[in-house]
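Student: I would like to go through the side-chain contacts and the pocket of this structure, one step at a time.
Tutor: Ask in any order; each reply will end on the item asked for.

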Amino acid sequence: MCFYGGKALKTVKKVLCQNTIKNQLRRGHIVIIFIISLCIFIPTIFIEYQQTINQQKVEMTHYLDAQTYFFESWLMERSKDIHTMTNLDFVKGYQYKESQAYFQEFKKQSVFTDLVFVNKEGIVQFDTVTEYQQNGVGIDVSNREYFQIAKKTKQQYITDVLISKVTKQPIIAFASPILDEQQQFNGVVFGTVNFNTIDQL
């Protein structure tokens with residue numbers, strides 16, 4: 001009885017020992033498979049993350065390029081508007097009444113906050129801040145960069161942000177020189193756009 005009992009005990013121990021070794025091997029395999037999976041999974045996730053970030057950067061760059069192109073085109077169009085006005089015969093001829101009426105009408109159909117006629121000495125002859133009150137008449141703008149550049153280069157010019165002498169608001173100015181028959185400097189026409197308009201744009 002003891003003999004069989006002892007043999008059975010040894011068999012049970014042997015089976016338990018084998019089961020323990022098998023369990024340990026299984027656990028070991030599972031751990032190894034898990035580690036290998038992590039080694040594959042983590043780099044894959046990282047690569048996909050990097051690709052997503054790079055794609056978003058490319059999309060953002062394209063978006064910003066499109067916005068920049070749009071805004072630069074808009075600036076050029078406004079500059080051309082002012083240049084076209086300076087080449088009108090009644091503007092070149094200093095016909096203030098006709099020029100002022102045209103400026104007021106043009107302003108109503110444009111984004112300009114103000115359109116201003118400046119003589120060759122740098123004195124404002126009229127503006128369009130309001131239709132019936134000429135707030136800027138007589139103001140000396142000869143020290144303004146846009147006047148100096150227009151006088152020196154006889155070229156169109158778009159300013160950086162500056163503060164209007166009339167409205168005291170931040171603006172961007174589009175200036176173009178008035179040239180006489182001999183292509184000599186004879187004044188400046190400039191239009192201003194305020195920041196509310198730019199924000200809306």
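Student: Which residues form one aromatic cluster?
Tutor: The model is a predicted one. A search of the whole structure finds 14 aromatic pairs. One aromatic cluster is made up of Phe-71, Trp-74, Phe-90, Tyr-102, Phe-106, Phe-112 and Phe-174.

Student: What is the angle between the planes of Tyr-94 and Phe-117?
Tutor: A pair of aromatic rings is described by the distance of the centres and the angle of the planes. For Tyr-94 and Phe-117 the centres are 5.2 Å apart. Planes over 60 degrees apart count as edge-to-face. This pair is edge-to-face, with an angle of 90°.

Student: Which parts of the structure does the pair of Tyr-94 and Phe-117 tie together?
Tutor: The two residues are 23 residues apart in sequence. Tyr-94 lies in the loop between helix 2 (89-92) and helix 3, and Phe-117 in a strand, so the parts tied together are that loop and strand 1.

Student: Which residues are linked in a network of salt bridges?
Tutor: Side chains of opposite charge can pair when their charged atoms come close. The structure holds three salt bridges. In one of them, the closest N and O atoms of Glu-77 and Arg-78 are 3.7 Å apart, and in another Asp-81 meets Arg-78 at 3.0 Å, N to O. The linked residues are Glu-77, Arg-78 and Asp-81.

Student: Is Arg-78 buried or exposed?
Tutor: Glu-77 has 42% relative accessibility and counts as partly exposed. Asp-81 is also partly exposed, at 22%. Arg-78 is at 14%, and the cut-off for buried is under 20%. Arg-78 therefore counts as buried.

Student: Which helix holds both Asp-81 and Arg-78?
Tutor: The two residues are three residues apart, about one turn of the helix. The helix covers residues 2-86 and is helix 1.

Student: How far apart are the closest N and O atoms of Lys-108 and Glu-105?
Tutor: Lys-108 and Glu-105 both lie in helix 3 (residues 96-108), three residues apart, which is about one turn of the helix. Lys-108 is exposed at 54% relative accessibility, whereas Glu-105 is partly exposed at 41%. A salt bridge needs the nitrogen within 4 Å of the oxygen. Lys-108 and Glu-105 form a salt bridge in which these atoms are apart by 4.0 Å.

Student: What is the volume of the largest pocket?
Tutor: Rolling a probe the size of a water molecule over the atoms shows where empty space is left. For the largest pocket, the volume is about 270 Å³.

Student: Which elements give two or more residues to the lining of the largest pocket?
Tutor: The lining has 24 residues, and Ser-164, Lys-165, Thr-167, Ile-171 and Thr-192 lie nearest the centre of the pocket. The elements are strand 1 (114-118), strand 5 (170-179), strand 6 (185-194) and helix 5 (195-200).

Student: How many residues in the lining of the largest pocket are nonpolar?
Tutor: By class, the lining has four charged residues and eight polar ones. The nonpolar residues number 12.

Student: Which backbone nitrogen lies 2.9 Å from a polar atom of the side chain of Thr-159?
Tutor: Thr-159 is in the loop between strand 3 (157-158) and strand 4 (162-163). Thr-159 is buried, with a relative accessible area of 7%. The backbone nitrogen at 2.9 Å from its side chain belongs to Ala-173.

Student: How far apart in space are Gln-125 and Asp-140, C-alpha to C-alpha?
Tutor: Gln-125 sits in strand 2 (residues 124-126) and is partly exposed, with a relative accessible area of 23%. Gln-125 and Asp-140 are 15 residues apart in sequence. Their C-alpha to C-alpha distance is 9.9 Å.

Terms used:
Residues numbered from 1 in each chain as written. Predicted model: local features only at pLDDT ≥ 70, side-chain atom pairs only at ≥ 80, totals over all residues. Heavy atoms only, no water. Salt bridge = Lys/Arg side-chain N within 4 Å of Asp/Glu carboxyl O. Buried < 20%, exposed > 50% of the residue type's maximum accessible area, 1.4 Å probe, protein only. Helix = DSSP H or I, 4+ residues; strand = E, 2+ residues; numbered from the N terminus. 1 Å grid on protein atoms, 1.4 Å probe; cavity = no way out; pocket = protein on both sides within 12 Å on 5 of 7 lines; lining within 4 Å. Points joined across faces, edges and corners; volume = space filled by probe spheres on them. Nonpolar A, V, L, I, M, F, W, Y, C, P; charged D, E, K, R; others polar. Phe/Tyr/Trp six-rings, centres within 6.5 Å; stacked < 30°, edge-to-face > 60°. Polar contact = N/O pair within 3.5 Å; in protein donor to acceptor, adjacent residues only side chain to side chain.
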